[in-house]
Structures are given as C-alpha cells and as structure tokens.
Amino acid sequence: MSTMQATTVSCPHCGRTNRVPVAAEGRPKCGHCKQPLPWMVDAGDDDFAEVAERADVPVVVDLWATWCGPCRMVSPALEKVATDLAGRIKLVKVDVDKNPRLSRRFEVQAVPTLLILDRGETVARQAGAAPAPALRQWVEQSLTARKG
C-alpha cells in the first residue's frame with residue numbers, strides 16, 4: 001500500500017509552506033531553505049504500519065481522544081517538541097475512538113498515552129499530559145538510552 005496523502009507544514013526557519021507526505025523514506029526538508037521540517041501526521045488502524053512502523057526516524061505516537069481535556073493540552077506541547085526536534089523524530093497522532101484496533105494493540109487504558117517507536121518497536125511509554133520541556137526531555141532520554 002502506498003499512501004499518497006500529504007499534509008502541509010510551515011517551515012519554522014523561512015516560513016514557506018511545504019507539502020510533507022504522511023509516509024515516506026528519509027526526513028522532510030524545506031523545499032526553499034533545505035532545513036529539516038517538523039513531521040506531524042495522523043494515522044489510523046489501516047495505515048499505521050506504513051506511517052509509523054516503517055518510518056526511518058523514531059516516532060512519537062500520541063494516542064488521544066477528542067473528548068479528553070489533557071489530550072488537548074498536550075497536543076501543542078507535542079507539536080513544539082516535534083518542531084524543536086525536526087529531522088530527528090516524527091509525531092504520529094492516533095484518535096483512539098476512531099481506531100479501536102490500535103487502542104487494543106497498545107493496551108491504552110488512559111489518554112493521552114504516548115509511545116516512542118524505533119523501527120516499529122516500542123522503546124518508551126508514558127501516560128498523561130506533561131509540558132513541552134518535560135516531553136522533550138523524555139523523548140531525548142528515550143532515544144539516547146536506545147542508542148547507548
């Protein structure tokens with residue numbers, strides 16, 4: 001299956017708008033200034049393997065729900081982390097109510113539940129909301145521990 005879907009993102013360096021595929025090899029870069037772009041996409045039961053598990057970069061998975069207040073609070077913090085770590089991670093958001101198979105697979109008992117996947121393998125897991133600096137530290141420590 002080849003996902004031809006794309007999302008648009010503004011380059012944090014030059015402000016230009018870029019189309020970024022939801023699933024692709026490599027890491028997205030701005031077509032204008034060539035700087036790394038934040039990679040933030042949605043995925044579901046049918047395309048999660050292609051979008052998240054086959055990614056070349058570590059993936060932060062946000063398992064969330066529309067009715068969840070803490071989920072709405074953590075979303076901008078995760079987007080900031082994805083922007084700060086552009087070129088190093090991919091943020092994949094999964095609505096657990098619309099994607100029950102993924103919810104069961106990852107045994108989601110509370111939302112938000114955050115995962116870090118490296119080549120499809122879960123290397124870290126955290127439940128609950130946290131501010132951007134704490135989330136960034138968690139992501140960086142998880143990736144460092146994985147490499148070490």
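Mentor: Let's start with a term: a salt bridge is a side-chain nitrogen of Lys or Arg within 4 Å of a carboxyl oxygen of Asp or Glu. This is a predicted model, so local features need pLDDT of at least 70 and side-chain atom pairs count only at pLDDT 80 or more, while totals for chains, interfaces and linings use all residues. Residues are numbered from 1 along each chain as its sequence is written, and side-chain values use heavy atoms, with hydrogens and water left out.

Trainee: Thanks! How many salt bridges does the structure hold?

Mentor: One of them joins Arg101 to Asp46, with the closest N and O atoms 3.1 Å apart. Counted over the structure, the salt bridges number eight.

Trainee: Which residue forms a salt bridge with Arg105?

Mentor: Helices here are DSSP runs of H or I with at least four residues, strands are runs of E with at least two, and both are numbered from the N terminus. Arg105 lies in helix α3 and its partner in helix α1, so the pair ties together parts that are 52 residues apart in sequence. The closest N and O atoms are 2.2 Å apart, and the partner is Glu53.

Trainee: Is Glu140 exposed, partly exposed or buried?

Mentor: Buried means under 20% relative accessible area, exposed over 50%, and partly exposed in between, with a 1.4 Å probe and protein chains only. Glu140 forms a salt bridge with Arg88, the closest N and O atoms being 3.5 Å apart. The relative accessibility of Glu140 is 24%, which makes this residue partly exposed.

Trainee: Nice. Now the sheet: which strands stand at the edges?

Mentor: Two strands pair if DSSP finds at least two bridges between them. Five strands form an open sheet with mixed pairing, in the order β3-β5-β4-β6-β7. Each edge strand has a single partner, so one side of each is left without a neighbour in the sheet; the two are β3 and β7.

Trainee: And which residue of β5 is the bridge partner of Asp42?

Mentor: β3 and β5 run parallel and are joined by three bridges. In β5, the partner of Asp42 is Lys93.
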